[in-house]
2 protein chains.
Amino acid sequence: MYRRLSMRCGRLGGMTSTQLPIAPTELVACCTPASEVISAEDAEQLARRFKALADPTRVRLLSLIANEQDSEACICYLTHPVGLSQPTVSHHMKQLVEAGLVTREQRGKWAYYRLANDALAALAAAITPAA
Amino acid sequence: MYRRLSMRCGRLGGMTSTQLPIAPTELVACCTPASEVISAEDAEQLARRFKALADPTRVRLLSLIANEQDSEACICYLTHPVGLSQPTVSHHMKQLVEAGLVTREQRGKWAYYRLANDALAALAAAITPAA
């Protein structure tokens, strides 16, 4: 049905598309070694991005932005639906920006956030059991 | 290019494929309301699954399993590549099992873990900017 889960890193955020082999020097008799396993460094980067998504408020904020035109939303719109103050929402958004999942642009008084579609697609691809 | 990010929940783990609307009673003048935004409950469930992936060791464990035949691996194989004790690896695997991303089967002395492909695909779909 599915091909093997790729766990392959995307092209954004300094990650490469190369899978690094892990070659254990000692193997338990019952098992065979993996031929292609994600590197420790790439695993760190993926985990960092998943951590940014590991909060229900941030998931809702992403969903709110995704439902706006061009997947872009003003901070002034985001505060009310999640029922939090603007500083708190800004803090959540900062974590999403730092993880590379959203970009931020200041326009006059307001900050606007846009989904980083390529980064989100790469993250999704890393856990997609390919057909 | 991409359709809007779906943030839609998959069919596993008690999540539904229905997107619930959020209709704020008060709107900031500069912005328009979202028509389809993930519910608080679904956001909680997605965040819980992302949290299970928010650890580099667990990402590597998933990658190791993905590289085994039929995406299934014996616990005895998983310990050495990640350089951790069996109890520690079992603890990480328990978190992946509880998040519904992996299934566990005891066969005699050893526990075997298999990727929950449908759950992983649903999670990936939730953050995929659809074409």
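## Helix H4 of chain B

Just after H4(B), Gly100(B) takes a positive phi of about 80 degrees; helices here are DSSP runs of H or I with at least four residues, strands are runs of E with at least two, and both are numbered from the N terminus. The model is predicted, so local features need pLDDT of at least 70 and side-chain atom pairs count only at pLDDT 80 or more, whereas totals for chains, interfaces and linings use all residues. Residues are numbered from 1 along each chain as its sequence is written, chains are lettered from A and ligands numbered from 1 in the order in which they are written, and side-chain values use heavy atoms, with hydrogens and water left out.

The helix H4(B) covers residues 86-98, and its 13 residues should span 18 Å at 1.5 Å a residue, which agrees with the 18 Å between its end C-alpha atoms; the expected span is 1.5 Å times one less than the number of residues. Within H4(B), Val89(B), His92(B), Met93(B) and Leu96(B) are buried, where buried means under 20% relative accessible area, exposed over 50% and partly exposed in between, with a 1.4 Å probe and protein chains only. Seen down the axis of H4(B), these buried residues fall within an arc of 100 degrees, so they line one face of the helix; the arc is that of the directions from the helix axis to the C-beta atoms. On the other side of H4(B), Pro87(B), Lys94(B) and Glu98(B) are exposed. The buried residues pack against helices H1 (40-52), H2 (56-66) and H3 (75-82) and strands S2 (102-107) and S3 (110-115) of chain B, a contact being heavy atoms within 4.5 Å.

## Chain A as a whole

The secondary structure of chain A comes to five helices and three strands, which run α-α-β-α-α-β-β-α from the N terminus on. Of its 131 residues, 52% count as buried. Among contacts in chain A with a separation of 6 or more, residues 24 or more positions apart account for 55%.

Val89(A) lies in helix H4 (residues 86-98) of chain A and is buried, with a relative accessible area of 0%. Leaving aside neighbours within four places in sequence, Val89(A) is in contact with Leu61(A), Ile75(A), Leu78(A), Thr79(A), Val82(A) and Leu84(A).

For H1(A), the 13 residues should span 18 Å at 1.5 Å a residue, and the end C-alpha atoms are 19 Å apart, which agrees. The buried residues of H1(A) include Asp42(A), Leu46(A), Arg49(A) and Phe50(A), and what covers the buried residues of this helix includes H2 (56-66), H4 and H5 (117-126) of chain A together with H1 and H2 of chain B.

## Aromatic rings

The count comes to one aromatic pair over all chains, with rings of Phe, Tyr and Trp (its six-membered ring) pairing if their centres lie within 6.5 Å, and planes under 30 degrees apart counting as stacked, over 60 as edge-to-face and the rest as tilted. Phe50(A) and Phe50(B) form this pair, which is stacked at 6.2 Å centre to centre with 20 degrees between the planes. The pair crosses between chains, from helix H1 (residues 40-52) of chain A to helix H1 of chain B. Phe50(A) counts as buried at 0% relative accessibility, and Phe50(B) is buried with a relative accessible area of 0%.

In chain A, Arg107(A) lies over the face of Tyr112(A), at 4.3 Å from the ring centre, and in chain B the charged end of Arg107(B) sits over the ring of Tyr112(B), 4.4 Å from its centre. A charge sits over a ring if NZ of Lys or CZ of Arg is within 6 Å of the ring centre and within 35 degrees of the ring normal.
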